Amino acid sequence: MCIRDRDMARVARDVQNQIQLVGAKHKEAVAKARADHEAAIKRIGRKIDAELDDELATKQRALEASTRAAITALQDEAVSYTHLRAHETPEHLVCRLLLEKKNSKTKNIKKSVWNDINVYKKNLKY
């Protein structure tokens with residue numbers, strides 16, 4: 001082998017080693033960049049979650065305060081049954097009438113059962 005060929009082989013090996021070294025450094029740099037990117041995304045996500053939680057908590061506190069105020073106002077102002085009936089919607093009316101019908105049937109059944117028991121007791125001879 002000629003001296004020039006040996007030098008060329010050595011240069012080729014050196015170049016190949018440099019390429020492998022650069023490739024390994026590139027892989028490390030890409031992995032580090034990817035990890036930094038994912039960490040940044042997590043930080044941003046946690047920050048957004050914290051901001052949303054704070055906003056939700058603020059809205060919830062405001063809602064609770066307005067609810068307490070409304071309850072307090074309602075407790076101070078008692079209204080009559082007639083007043084409530086004046087604001088009754090057709091859907092509420094149907095529900096109320098069905099409920100009253102059910103309750104009257106239950107009362108009638110209880111009355112008839114008690115009547116039957118009383119009749120039975122009267123017919124018993126001791």
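How much accessible surface does the chain have, and what percentage of it belongs to carbon and sulfur atoms? The total comes to about 12,100 Å², and 61% of that belongs to carbon and sulfur; the areas come from the Shrake-Rupley method with a 1.4 Å probe, and for residues only the protein chains shown count as cover.

Before going further, a word on what you're looking at. This is a predicted model, where local features need pLDDT of at least 70, side-chain atom pairs count only at pLDDT 80 or more, and totals for chains, interfaces and linings use all residues. Residues are numbered from 1 along each chain as its sequence is written, and side-chain values use heavy atoms, with hydrogens and water left out.

Confidence comes next. The mean pLDDT (the predictor's confidence in each residue, from 0 to 100) is 77 for the chain, and 75% of its residues reach 70 or more. Among the elements, H1 has the highest mean, 82, while helix H3 (residues 90–123) has the lowest, 72. Where pLDDT is low, the predicted coordinates should not be read in detail.

The layout is quick to describe: 3 helices and 0 strands, running α-α-α from the N terminus. Here helices (H or I, at least four residues) and strands (E, at least two) are DSSP runs, numbered from the N terminus. Of the 126 residues in the chain, 1% are buried. Buried means under 20% relative accessible area, exposed over 50%, and partly exposed in between (1.4 Å probe, protein chains only).

Now for the charges. Side chains of opposite charge can pair when their charged atoms come close. A search of the whole structure turns up 2 salt bridges, each being a side-chain nitrogen of Lys or Arg within 4 Å of a carboxyl oxygen of Asp or Glu. One joins lysine 32 to aspartate 36, at 3.2 Å from N to O. These two sit 4 residues apart in helix H1 (residues 3–76), so about one helical turn separates them. Lysine 32 is exposed at 53%, and aspartate 36 is partly exposed at 42%.

The other bridge links lysine 59 with glutamate 55, at 3.4 Å from N to O. Lysine 59 counts as exposed with 52% relative accessibility, whereas glutamate 55 is partly exposed at 42%.

Finally, the surface patches. These are built from residues with over 30% relative accessible area and no salt bridge, joining like charges within 9 Å and nonpolar side chains (Val, Leu, Ile, Met, Phe, Trp, Tyr) within 5 Å. Asp49, Glu51, Asp53 and Asp54 form a patch of negative charge. Aspartate 49 belongs to helix H1 and is partly exposed, at 45%. Val11, Val15 and Ile19 make a nonpolar surface patch of about 260 Å². Isoleucine 19 is also found in helix H1, and its relative accessible area of 57% makes it exposed.

How values were computed. Lys, Arg positive; Asp, Glu negative; His and termini not counted. Charge placed at Lys NZ, Arg CZ, Asp CG, Glu CD.
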